[in-house]
Amino acid sequence: MNILSVTSEIYPLIKTGGLADVTGSLPKALEPFGAHTRTLLPGYPKVMKQLGETRQHASFHNLFGAEARLLSATVEGLFVYILDAPEFYDRPGGPYVNEAGKDHPDNWKRFAALARVGAEIAGGLLPDWKPDLVHTHDWQSALTSVYMHYGRARFVPSVLTVHNLAFQGQFSAELFDQLELPSEAFSVNCLEYYGDISYLKGGLQTANAISTVSPTYVRETLTPEFGMGLDGVLNERLNDLRGIVNGIDVEVWNPSSDPYLIQNYSTQYMRRRYFNRMRLIEEFGIDDDRGPIFAVVSRLTWQKGVDMLPDVVDDIVAQGGKLIVLGQGDSAIEDALRATALRHPGRVSVTIGYKESLAHLIHGGADSVLQPSRFEPCGLTQLYALRYGCVPIVSRTGGLSETIIDANEAAMSARVATGFQFHPIDADGLRLALMRVFEAYQKPKVWARLQHQAMKADFSWERSAGQYAELYQSVLQQAAAA
Ligand code: ADP
């Protein structure tokens with residue numbers, strides 16, 4: 001089975017969040033199931049710098065008005081096709097936003113170009129390789145199946161994975177004429193969305209199957225509360241909808257070999273965690289005492305519930321705890337967190353920015369990771385936290401609710417608890433959970449047991465990759481029978 005994965009980010013080349021972790025680790029995990037993946041992504045400057053030797057496969061002289069080349073390279077075992085289109089991708093800022101944090105104004109064209117080339121590859125652009133199936137991810141590549149549907153690749157099946165329904169790629173209908181699609185694509189059955197264009201909706205309507213990243217999130221997306229305006233479309237496609245929990249790359253996230261840790265450790269050598277804790281204390285400039293260190297590694301947005309932190313921080317500090325935050329996002333939330341840190345020197349410390357190495361060290365040295373998300377399709381941070389014995393405290397929603405087993409009495413005595421869940425998802429709910437955490441932390445044996453159970457939880461890709469492989473197979477069979 002040859003799979004073309006089309007994505008706007010992939011670890012280790014370019015990452016802004018969990019999407020990159022998934023697209024970067026799934027290809028390796030799929031190999032044992034006979035699915036061979038090649039990944040198409042944009043040639044952002046950061047990507048181009050890491051490519052090494054490349055091969056050119058095609059050139060385009062008018063890709064929505066731009067010059068472009070299709071290159072390939074192999075990076076850390078991943079076969080990637082790179083769309084090198086300097087006019088679209090060679091610029092400062094991130095994959096989606098400029099240096100001021102504002103969306104690139106031509107995002108509609110930048111990701112239409114990516115999708116267009118994905119559809120061309122599916123339609124036979126390359127003489128030496130053709131995918132049996134195309135796998136797209138989120139709005140940035142969702143348009144691929146729309147171009148496939150109206151072009152040469154009409155009979156090549158596709159799967160769309162929704163990593164987050166909140167981001168939809170919604171643009172003005174005035175742009176439709178420039179997408180080079182037939183007029184019927186601007187209809188309620190395809191791209192049209194309340195008078196605008198929605199790339200994600202187009203993908204949801206044209207992909208052969210749809211998956212989201214946890215069964216709970218599938219159920220949630222079918223409701224108006226979490227469906228973000230697309231619950232109607234998703235309900236219509238119920239038979240083609242699956243929930244597959246993300247796995248984690250257990251080589252990249254492994255406390256016994258992680259190069260970003262000061263000291264590696266495992267369940268047998270937990271005392272060594274102390275050295276990572278000391279490094280964290282130094283890095284964040286917090287007090288060196290015995291109280292628990294709570295950590296947040298997250299996009300700082302409303303979705304992630306991190307605006308609740310200033311409300312609970314007094315409780316954390318009053319009980320002898322400390323809070324460290326690594327993240328970036330909404331400036332109002334960043335400012336509120338900075339102000340909170342100023343109020344509690346030595347107890348609360350905030351680093352605004354994106355640092356992969358520091359994220360690893362935090363998991364290896366903090367006591368507990370806080371994830372108070374208002375909604376969470378799957379969440380990866382809590383899975384990394386489990387593996388590093390950094391006990392997760394999560395809101396009961398989406399993937400968080402099904403990956404963390406709450407430390408209630410029954411789960412503790414059955415020795416299966418791995419963290420703490422809270423509900424309702426508000427500051428009071430979080431406060432109550434923190435009280436339970438402090439109680440457990442004061443009993444070293446209980447805490448050690450929780451850490452041990454967390455570290456034994458298995459979220460490697462094996463099972464989930466098998467489910468993706470099954471999904472690919474069933475889509476291929478259905479397409480063959482049609
Ligand atoms: P989302 O994709 O919604 O942001 P996930 O929990 O699925 O959330 O994935 C987040 C990923 O991004 C994790 O790998 C996490 O470690 C990483 N991450 C988030 N913020 C930062 C940051 N400021 N620095 C380093 N890594 C971060």
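Reply: A term first: a cavity is a set of grid points where a 1.4 Å probe fits but cannot get out, and its lining residues have an atom within 4 Å of a point. Please also keep in mind that this is a predicted model.

Me: Which element gives the largest share of the lining of the largest cavity?

Reply: That is α1, which contributes five residues, while α1 and β6 (133–137) each supply at least two. Among the lining residues are Val22, Leu26, His135, His137 and Tyr472.

Me: And how does that lining divide by class?

Reply: The lining of the largest cavity has five nonpolar and five polar residues, and no charged ones.

Me: What about the second largest cavity, what lines that?

Reply: Its lining includes Val296, Val297, Ser298, Lys304 and Leu370, and the elements giving two or more residues to it are β13 and β16 (368–371). β13 gives the most, with three residues, and by class this lining has five nonpolar, three polar and one charged.

Me: Switching to the ligand, which residues come nearest?

Reply: There are 19 residues around the ligand, and Lys15, Gly18, Asp21, Arg299 and Gly353 come nearest. An N or O atom in the side chain of Lys15 is 2.8 Å from an oxygen atom of the ligand, a backbone N or O atom of Gly18 is 2.7 Å from a ligand oxygen, and a polar backbone atom of Lys355 is 3.0 Å from a nitrogen atom of the ligand. Of the 570 Å² of accessible area that the ligand has on its own, the protein covers 93%.

Me: Which element gives the most to that shell?

Reply: β13 does, with three residues, and the elements that each supply at least two include α1 (18–30), β13 (293–300) and α12 (356–365). Domain 1 (2–247 + 462–481) and domain 2 (267–456) each provide at least three residues of the shell, which divides into six nonpolar, seven polar and six charged.

Key
Residues numbered from 1 in each chain as written. Predicted model: local features only at pLDDT ≥ 70, side-chain atom pairs only at ≥ 80, totals over all residues. Heavy atoms only, no water. Near = heavy atom within 4 Å. Polar contact = N/O pair within 3.5 Å; in protein donor to acceptor, adjacent residues only side chain to side chain. Areas by Shrake-Rupley, 256 points an atom, 1.4 Å probe, with all protein chains shown as cover. Helix = DSSP H or I, 4+ residues; strand = E, 2+ residues; numbered from the N terminus. Nonpolar A, V, L, I, M, F, W, Y, C, P; charged D, E, K, R; others polar. Domains from an automatic or database assignment. 1 Å grid on protein atoms, 1.4 Å probe; cavity = no way out; pocket = protein on both sides within 12 Å on 5 of 7 lines; lining within 4 Å.
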